[in-house]
Structures are given as C-alpha cells and as structure tokens.
Amino acid sequence: MPAGLDLSNPAGKDLAEDPDMEKRTSLSEDNNPIYQDIARFRAILFDSLLKPHDMTMSQGWVLVHLVRENGLRQSDLADRMDVATVTISKLIDRLEARGYVERRSDPEDRRSNRVYALAPAKDVVKVMTRTIFDVDEMANRGIPEKDLQVALRVLRQMKDNLKDAISKR
C-alpha cells in the first residue's frame, strides 16, 4: 500500500471529492477496490450461469485451454491459467472424476502428466463460449464501442505491467 493511503478513511473525507484520488487509487466511490469488485462480480455471474451445467468458471477454463490445445502438461496448464500446480491438480481431479478429462503419463517425461479433454468437454466449452458473451454483454451494456476498446487496451497493459512486476520479485 502506498505511504499515506489510509483505507479506513478516518477523516470521513469523500474520496470522490478529491479529483486527484482517482489517479492515485483504484478504489471506487464506495471505497471498494474496483478491479476486485469487477472480477468478483464476473465470477459470481459466471458461476451462476454455469451452475445448471454443474461446472465452475475455473473448471470451465481448464476445459477451454484443453480443447484449444489438448494434451498439455499439468504445469503448462497452471502457467497458462496463472495458478499454482496444486490448484490445477485439484481442478483436474474433479474434471477427471466426472469424465471430462483424463491424465496420461508424458512419454517424454515420466514424472509429469499430460491432460486430455474427452468428448463431453467440447459441449462444456460451447456453454463457456456462450457464457463469456452473455457476461460481456451484461458488463459492457451502455459503454460505447470506442470507449470499450480503449478500456480493454488499458486493462491489457495493466495486466502486462503487473505480470512483469511479479516476474521481477
């Protein structure tokens, strides 16, 4: 946290009244972190739309990656999803138990497994694709296309900046 930034706002100052505050922090007018709120709201919507298919957003993303490129190593899948290998392992366990994926020993490295999407995974990926469009439509409602393109470009740059900062730690 930057020096001098007090999230408790003890003075009771309305952060929206300070025109420079928007430049210094990603807190929204309700003093919640806007990026986390957006990610959380999207996750809530994804999970609620996927619930009838007995699928979570994280499980669905594993399947999306495998349908795009089947036979990934578990470690490569974890890297692509920016999660720990133990997280991927647990997701794969659940998907394997339900018949969406299977693990096979890597013929090039017996210490690692490759993960393969099975036929039912393709149906889930179709649902995921539709869900992405539905959630994007909800999130982007009322935003002009030009503004949306600028916002997405800026968010991609922020993502790259943060990944770069993480890699230098």
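Helices (H or I, at least four residues) and strands (E, at least two) are DSSP runs, numbered from the N terminus. The model is predicted, so local features need pLDDT of at least 70 and side-chain atom pairs count only at pLDDT 80 or more, while totals for chains, interfaces and linings use all residues. Residues are numbered from 1 along each chain as its sequence is written, and side-chain values use heavy atoms, with hydrogens and water left out.

**Stop 1: confidence.** Colour the chain by pLDDT (the predictor's confidence in each residue, from 0 to 100). The mean for the protein chain is 86, and 86% of its residues reach 70 or more. Helix α1 (residues 21-24) has the lowest confidence, at a mean of 56, and α5 the highest, at 95. Select residues 1-7 next: their pLDDT is below 50, and beyond near neighbours in sequence this stretch has 3 contacts in the model. Contact means heavy atoms within 4.5 Å.

**Stop 2: the largest pocket.** A pocket is an open set of points on a 1 Å grid over the protein atoms alone, where a 1.4 Å probe fits, with protein on both sides within 12 Å along at least five of seven lines; lining residues have an atom within 4 Å of a point. Grid points are joined across faces, edges and corners, and a volume is the space filled by probe spheres set on the points. For the largest pocket that volume is about 2,100 Å³. Select Ile-38, Ala-39, Arg-42, Leu-155 and Lys-159, which of the 39 lining residues are the closest to its centre. Then show α7 (145-167), which gives the most to the lining, with 12 residues.

**Stop 3: the largest nonpolar core.** Such a core is a set of buried Ala, Val, Leu, Ile, Met, Phe, Trp, Tyr and Cys residues joined through side-chain atoms within 4.5 Å. Buried means under 20% relative accessible area, exposed over 50%, and partly exposed in between (1.4 Å probe, protein chains only). The largest core has 24 residues, and Val-62, Leu-63, Leu-66, Leu-77, Ile-88 and Val-101 have the most contacts inside it. The most residues come from α6, with 5. Select Ile-88: leaving aside neighbours within four places in sequence, Ile-88 is in contact with Val-62, Gln-74, Leu-77, Ala-78, Met-81 and Val-83.

**Stop 4: two loops.** Asp-54 is in the loop between α2 and α3. Its phi is near 55°, a positive value in a residue other than glycine, and Asp-54 counts as exposed because its relative accessibility is 52%. Finish at Asp-82, in the loop between α4 and α5. Asp-82 is not a glycine but has a positive phi of about 55°; at 51% relative accessibility, Asp-82 counts as exposed.
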